[in-house]
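Work through the exercises below with the structure open beside you. Try each task before you read its solution.

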Amino acid sequence: MSKDLPATLKLKVISPTDLLVDEEVLEVSLPSLEGYLGIFPGHRPLFVALGRGLLAYKRSDKHSELSIQGGYAEVLPDHVLVFTERAKDEKSQPTEGQG
Amino acid sequence: MPALIDLRRRIKSVKNTQQITQAMKTVSTAKFKKAQREVLQARPYWKTFPDFLRDAVSLSVRVPHPLLEKRAEEKALLVIITSDKGLCGAFNSNLLAAAQEFYEEKSKVCELKLILFGKKAHQQFNRSPYKVERTYTDQIQKLLEEDLNDLSRFLMQQYIFCRTDAIYVLSNEFKSILAPRIVLLKLLPIEIAHDREDQKNDEMPVTAGPLPDWEPGASPILHTLLPKYVEMQFVHFFAESIAAEHAARMMAMDNATKNAEDLIDDLTLVLNKIRQASITKELLEIMTAVEALAKK
């Protein structure tokens with residue numbers, strides 16, 4: 001099966017009050033209920049329920065993470081869509097590498 | 001011709017009214033800005049979640065769920081979301097007219113019960129031909145997300161235990177400051193809108209390629225996802241309705257202030273004319289008196 005794997009993933013992280021992340025990334029790590037899942041471009045389609053933890057993603061130059069609690073994610077070869085809530089206790093802390 | 005004192009009183013009273021409408025406009029503007037910000041920030045979530053759900057349901061291998069089950073509509077519920085307070089133009093009356101129309105059409109084919117939010121809906125429908133299941137009239141703006149989630153759970157229970165076969169929601173959506181849009185949505189059963197081109201092969205997944213993996217499994221995910229969707233929709237309706245209400249009130253009060261201004265201008269013109277007429281009359285009298293004296 002010779003498929004052109006996409007070079008990047010389009011990551012969208014949406015919370016009920018905000019669009020948290022919308023960018024092209026190289027790698028995403030999702031806190032699933034049973035541990036962290038690393039997602040690279042070209043991943044198999046996957047629906048996953050999320051637990052509490054750090055959602056980390058890597059762009060070419062920066063590594064960022066944000067603390068989330070629960071939610072769902074849809075993974076397709078070229079995009080990752082995450083519905084979640086930002087963890088309440090982390091709200092005031094700025095996430096690393098943003099902005 | 002009205003007396004000067006009457007006109008002055010009239011102008012004063014219009015000015016007082018104008019101050020009140022001006023103040024109400026300022027208050028609504030502040031509230032509207034806040035509601036609008038919340039709605040605009042949350043819209044990406046509301047707009048993408050249904051697509052996500054559609055993908056999840058159509059890609060799962062038909063996991064049965066009571067909220068997806070379609071039944072013949074014998075009993076239906078209509079949720080009407082209006083405001084508690086008036087003075088917001090056609091915000092409530094348009095919605096209630098639409099509700100009336102829907103009721104008359106639907107009640108011919110099935111037994112329709114109403115769930116009312118807001119005093120305006122209560123005033124309109126709390127009469128004999130209508131069957132009202134529940135009414136919320138106190139401070140619907142202050143309902144918290146937990147209250148709304150309780151309500152959506154109640155609605156889901158009604159559906160799951162077959163007390164109703166369909167639930168519709170009629171509410172105002174904030175479209176622009178000028179006018180809200182009336183939205184009628186079938187909340188339950190959850191209808192998955194298939195893409196047009198997929199209708200031919202309904203049983204095929206939406207995207208080509210391998211079937212997705214599920215972590216921890218299709219069934220547990222869907223069993224929490226579907227109720228979550230209903231709760232989200234309910235929160236969405238209320239937030240939109242509140243933003244639309246403030247926008248409508250802001251516009252109505254703005255128009256009222258402008259109308260008061262016009263009225264004051266008109267009345268002042270009449271007042272000045274009458275005053276000028278009386279001055280001219282007095283002058284004439286004096287002149288005539290002087291001329292009469294000079295002739296002697």
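**Exercise 1.** Find what covers the buried residues of H4(B).

*Solution.* The cover includes strand E4 (166-173), strand E5 (181-188) and helix H5 (218-295) of chain B. Contact here means that two C-beta atoms, placed from the backbone, lie within 7 Å. Helices (H or I, at least four residues) and strands (E, at least two) are DSSP runs, numbered from the N terminus.

Before going on, note the ground rules. This is a predicted model: local features need pLDDT of at least 70, side-chain atom pairs count only at pLDDT 80 or more, and totals for chains, interfaces and linings use all residues. Residues are numbered from 1 along each chain as its sequence is written, while chains are lettered from A and ligands numbered from 1 in the order in which they are written.

**Exercise 2.** Describe the span of H4(B) and its buried and exposed residues.

*Solution.*
1. Take the span. H4(B) covers residues 145-160, 16 residues in total. From first C-alpha to last it reaches 22 Å, close to the 22 Å expected at 1.5 Å a residue. The expected span is 1.5 Å times one less than the number of residues.
2. List the buried residues: Ser152(B), Leu155(B) and Tyr159(B). A residue is buried if 20 or more other C-beta atoms lie within 10 Å of its own, exposed if 12 or fewer, and partly exposed in between.
3. Look down the axis. The buried residues of H4(B) fall within an arc of 55 degrees, so they line one face of the helix. The arc is that of the directions from the helix axis to the C-beta atoms.
4. Recall the general rule. An α-helix has 3.6 residues a turn, so residues three or four places apart point the same way.
5. Turn to the face away from the buried side. Glu146(B) and Gln157(B) are exposed there.

**Exercise 3.** Work out which strands chain A has and how chain A meets chain B.

*Solution.*
1. Count elements. Chain A has seven strands and zero helices.
2. Count contacts. In chain A, 19 residues are in contact with 18 residues of chain B.
3. Find the main supplier. E5(A) gives the largest share of the side of chain A that touches chain B, four residues.
4. Sort that side by type. It holds 12 nonpolar, three polar and four charged residues. Ala, Val, Leu, Ile, Met, Phe, Trp, Tyr, Cys and Pro count as nonpolar, Asp, Glu, Lys and Arg as charged, and the others, Gly among them, as polar.
5. Check the pairing. Three bridges join E5(A) to E6(B), residues 213-215, and the two run parallel. Strands pair if DSSP finds at least two bridges between them. Val48(A) has Glu215(B) as its bridge partner in E6(B).
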